[in-house]
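Hello,

Here is the structure I promised to pass on. My notes follow below it.

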Amino acid sequence: MTADPAAGPSLLYAVKQVELAVRSRLDELLRPSGTTVVQYTALTALARRDGLTSAELARNAFVTPQSMGDLVTALERRDLVTRHPDPRHARRLLISLTPAGRDLLERMESQVRALEERMLGDLTTAERAELRDYLNRCRSGLADGPAR
């Protein structure tokens, strides 16, 4: 299968370019807070679902479990997260946001929303809903296992 050069870049390429642009803008936005994009992603994952294990948080933040260990330690040093024993499984540690972690997310929220608005500025409300649906369907299509 040969790509048609007149059709422009592949959708995979376009998605990657959007991801790189978002990451670059988020890096700029978060830098003054001393927070990396990966740390911010982990904090937002905990804001959505508190009390995750390190492995669960790694999956939600798109990093390896090994990387998450160092990341959680760095967030803990800044008092943005805390680890505590799981009452149902004594050997598991659960990670939760601290008040300082919630404060950081609240301080960044308007700037992150403004970045998202900048990205979506040329889309109508209906197009935004369609884009969200299309992206979720694409993610689901890849979630079932290896490429076919």
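Where does F62 lie? F62 sits in the loop between α3 (54-61) and α4 (65-77). More on that residue further down.

First, the ground rules. This is a predicted model, in which local features need pLDDT of at least 70, side-chain atom pairs count only at pLDDT 80 or more, and totals for chains, interfaces and linings use all residues. Residues are numbered from 1 along each chain as its sequence is written, and side-chain values use heavy atoms, with hydrogens and water left out.

**Overall layout**

The protein has 6 helices and 2 strands. Helices (H or I, at least four residues) and strands (E, at least two) are DSSP runs, numbered from the N terminus. Along the sequence the pattern reads α-α-α-α-β-β-α-α. Along the principal axes, the C-alpha atoms fill a box of roughly 55 × 35 × 25 Å.

Of the 148 residues, 27% are buried. Buried means under 20% relative accessible area, exposed means over 50%, and partly exposed lies in between (1.4 Å probe, protein chains only). The protein exposes about 10,700 Å², and carbon and sulfur atoms supply 56% of that area. Accessible areas come from the Shrake-Rupley method with a 1.4 Å probe; for residues, only the protein chains shown count as cover.

Contact means heavy atoms within 4.5 Å. Among contacts in the protein with a separation of 6 or more, 47% come from residues 24 or more positions apart.

**The strands**

β1 (81-86) and β2 (89-97) run antiparallel, joined by 6 bridges. Two strands pair if DSSP finds at least two bridges between them. A hairpin of 2 residues links β1 to β2. T82 has S96 in β2 as its bridge partner.

Which residues of α3 are buried? They are E56, L57, A58 and A61. Their cover includes α2, α4 and β2.

Just after α3, F62 takes a positive phi of about 65°. F62 is not a glycine. Most residues other than glycine have a negative phi. F62 counts as exposed because its relative accessible area is 73%.

D79 is a second case to look at. Its phi is near 60°, again positive in a residue other than glycine. D79 lies in the loop between α4 and β1. At 45% relative accessibility, D79 is partly exposed.

**Q39 in α2**

Q39 belongs to helix α2 (residues 37-48). Is Q39 buried or exposed? Q39 counts as buried, because its relative accessibility is 10%. Leaving aside neighbours within four places in sequence, Q39 is in contact with G34, L71, A74, L75 and R78.

**Salt bridges**

How many salt bridges does a search of the whole structure find? It finds 7. A salt bridge here is a side-chain nitrogen of Lys or Arg within 4 Å of a carboxyl oxygen of Asp or Glu. Three of them are set out here, one by one.

- R49 pairs with E56, with the closest N and O atoms 3.8 Å apart. R49 is partly exposed at 47% relative accessibility. E56 is buried, with a relative accessible area of 17%.
- R83 and E76 meet through their side chains at 2.8 Å, N to O. R83 is partly exposed at 31%, and E76 is partly exposed at 30%.
- E117 pairs with R128, with the closest N and O atoms 2.8 Å apart. E117 lies in helix α5 (residues 99-120) and R128 in helix α6 (residues 125-143), so the pair ties together parts that are 11 residues apart in sequence. E117 is partly exposed at 41% relative accessibility, and R128 is partly exposed at 23%.

**Charge**

The protein has 22 positive and 20 negative side chains, and the centres of the two sets lie 5 Å apart. Lys and Arg count as positive and Asp and Glu as negative; His and the chain ends are not counted. The place of a charge is taken as NZ of Lys, CZ of Arg, CG of Asp or CD of Glu.

Best wishes
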